[in-house]
Amino acid sequence: MLIGAASTSVLIVVLIFLFLGKEAAPFALTPGLSALFDSKWIPVSFQRERFGILPLLSGSALVTLLAMLITIPFSVLGAIYIAELAKPLEREILKPFIEILASIPSVVLGFFGLVVLAPLVKSFFGLNTGLNALTGAILLSIMAIPTVISISEDALNSVPHVYKRASLALGASQLQTIFRVTVPAALPGIIAAVMLGVGRVIGETMAVMMVTGNAAIITANPLDPVRTMTATIAAEMGEVPFGSVHYQALFCIGVVLLLVTFGLNVIGQQVLRRYGMRQ
Amino acid sequence: MSGSFSENLIYGLLRAITYAIVLLVGYILFDIVIKGLPVLNWEFVSGYPHQSGASGGILPAIAGTFYLVLGTISVALPLGVGSAIYLSEYAFQGKFTTIIRMAIITLAGVPSIVYGLFGLGLFVLFFRFGASILSGSLTLACMVLPTIIVASEEALRAVPKGYREASLALGATKWETIRTNVLPYSLSGMITGSILGVGRAAGETAPILLTVAAFFLPKLPNSIFDQVMALPYHLYILATQHPDAEKVRPMQYGTALVLLLLVLGLSLGAIFIRAHYRKKYKW
């Protein structure tokens, strides 16, 4: 019976792949997978529906890239401060605070983004609307920071103390020790933390849907509205007839998302394992 | 921490960055609490919504989330704990456990909207449960399973080996040992981990969007095959789909505050339970 319970995880993974594939598969026959590489996403049209996921992929990529540009410096430097410099009491206060950030529901953060952050972005850049890729990225980095901080901090803590002592004994200052010894030694763990953070950011749905403006265009301008893969599924799935081509196309997006996050996860875990760090 | 001027400058910068994150958390909480509190009264949490949520209360949404949490935990807890007992007490390190562990890691990384699609494909359509509490709870249970397994395993591993060896030496069978000498001491850890996982589920919107949540349904469900409203979805609808979004802002803040209190309350409760039991059992 316990083996049965333990096998459920495997079963669920298999079922996820199976059922996403099953619902998406008819799309591969008609109109064919090449339809996904169209440059336009116009799922409802009187003339010709187009199911190109490139604008959605580029939307997800832009938001993710911007979010990581914000997340990486904040979380890595924050983790260095908490792990290496903060006093024990200070650490005991800082850590739960950052954990609270991780447990705020994404729809609440999305709401905060919509009501507080978007107007700020709008007036700061003098735009017509604050709902764009940048606002989404800021919000996503708020979500990714706690994950990346806590794994990076574990990585920094798992660097053997003798490394630091040896460096200090050789006359290096504390700062030199941190940046020349501790951080390089913890780098694989920090990279894995960032990759898991990227996985989280790509998969995030509600907050992104609420603040990115949802325009399916290919752009590299952070101040343009964009539409991500996750938001497309969440926004359109409620309105499509089950079994239609549009429905299958949304499942295709789901398969792409699943494969991307799965790949990131596997690589992140490999990095952690190779360097003997536990997550 | 004395050093040159430039060293102190860099330390100051690192500290500033860390405290900026803390300040941000504080500001988000402050904003929602301050603007949500005026709406929060007995009528709001115990009344039914009127005018598609523009006035009245949010009882159906609170009840819906409560049922979903209950459903999720009653599916995920036995599976997660059973799975953890197998992995930590019975399994030999081999191919089978490696596959299980890989599956758990994979599940933990699957995006919440993909769980929604999966729940739609399997529970709603294939099993014909329809959009219902049952479908939603099962979908959420799949999502929180990895959290519960990992937390339960850690709790089991924290019980000293000596407890098991002493019991086995006295002639108890393996299961008797686990039941009387391992489970009682790891229970608090398992409960804590499960509550933390379920707290996350309570705040999730994407998985229930496609499997259970109702746009506007001002009544309480009769069976597990009914649709329900849920707090996170209600907040999303009020904030983005309502024609008069600006006007219903107080309702939105009120809903956000109730959801936040529920989720943070669950987490704080879990942390409190852990602290309490840590004092009780020391080894």
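Two residues are in contact here if their C-beta atoms, placed from the backbone, lie within 7 Å. This is a predicted model, in which local features need pLDDT of at least 70, side-chain atom pairs count only at pLDDT 80 or more, and totals for chains, interfaces and linings use all residues. Residues are numbered from 1 along each chain as its sequence is written, while chains are lettered from A and ligands numbered from 1 in the order in which they are written.

**View 1. Chain A as a whole, with its 11 helices and 2 strands.** Helices (H or I, at least four residues) and strands (E, at least two) are DSSP runs, numbered from the N terminus. Of the contacts in chain A with a separation of 6 or more, 73% are between residues 24 or more positions apart. Chain A has 279 residues, and 49% of them count as buried. A residue is buried if 20 or more other C-beta atoms lie within 10 Å of its own, exposed if 12 or fewer, and partly exposed in between, with C-beta atoms placed from the backbone.

**View 2. Chain B as a whole, with 11 helices and 2 strands.** From the N terminus on, the elements of chain B read α-α-β-β-α-α-α-α-α-α-α-α-α. A box of roughly 70 × 70 × 35 Å, taken along the principal axes, holds the C-alpha atoms of chain B. Buried residues make up 49% of the 283 in this chain. For contacts in chain B between residues at least 6 apart in sequence, 76% join residues at least 24 apart.

**View 3. The two domains of chain B, domain 1 (5-38) and domain 2 (40-280).** These bounds come from an automatic or database domain assignment. The centres of domain 1 and domain 2 of chain B, taken over C-alpha atoms, are 30 Å apart. Where they touch, domain 1 of chain B supplies 6 residues and domain 2 of chain B supplies 7 residues. The domain 1 side of this contact has 4 nonpolar, 1 polar and 1 charged residues. For these classes, Ala, Val, Leu, Ile, Met, Phe, Trp, Tyr, Cys and Pro count as nonpolar, Asp, Glu, Lys and Arg as charged, and the others, Gly among them, as polar.

**View 4. Where chain A and chain B meet, with 60 residues from chain A and 62 residues from chain B.** On the chain B side, helix 1 (residues 5-36) gives the most, with 14 residues. By class, the side of chain B that touches chain A has 44 nonpolar, 14 polar and 4 charged residues.

**View 5. Helix 1 of chain B and what covers it.** This helix has 32 residues and reaches 45 Å from its first C-alpha to its last, close to the 46 Å expected at 1.5 Å a residue. The expected span is 1.5 Å times one less than the number of residues. Look for the buried residues B:L14, B:T18, B:I21, B:I28, B:I32 and B:G36 in helix 1 of chain B. Their cover includes helix 3 (54-85), helix 4, helix 5 (106-125) and helix 6 (133-157) of chain A, together with helix 11 (249-280) of chain B.

**View 6. The largest nonpolar core, with 182 residues.** A nonpolar core is a set of buried Ala, Val, Leu, Ile, Met, Phe, Trp, Tyr and Cys residues joined through C-beta atoms within 7 Å. The residues with the most contacts inside this core are A:V108, A:F111 and A:L140. Domain 1 (5-38) and domain 2 (40-280) of chain B both give residues to this core, so it lies between them. Leaving aside neighbours within four places in sequence, A:F111 is in contact with A:M210, B:L235, B:A239, B:Q252 and B:A256.

**View 7. The bend in helix 3 (residues 59-90) of chain B.** Helix 3 of chain B bends by about 30 degrees at B:A76, and a proline, B:P78, follows within four residues. The bend at a residue is the angle between axes fitted to the seven residues ending there and the seven starting there.

**View 8. B:P221 in the loop between helix 9 (206-209) and helix 10 (231-241) of chain B.** B:P221 is partly exposed, because 19 other C-beta atoms lie within 10 Å. Beyond neighbours within four places in sequence, B:P221 is in contact with B:Y67, B:I133, B:D226 and B:V228.
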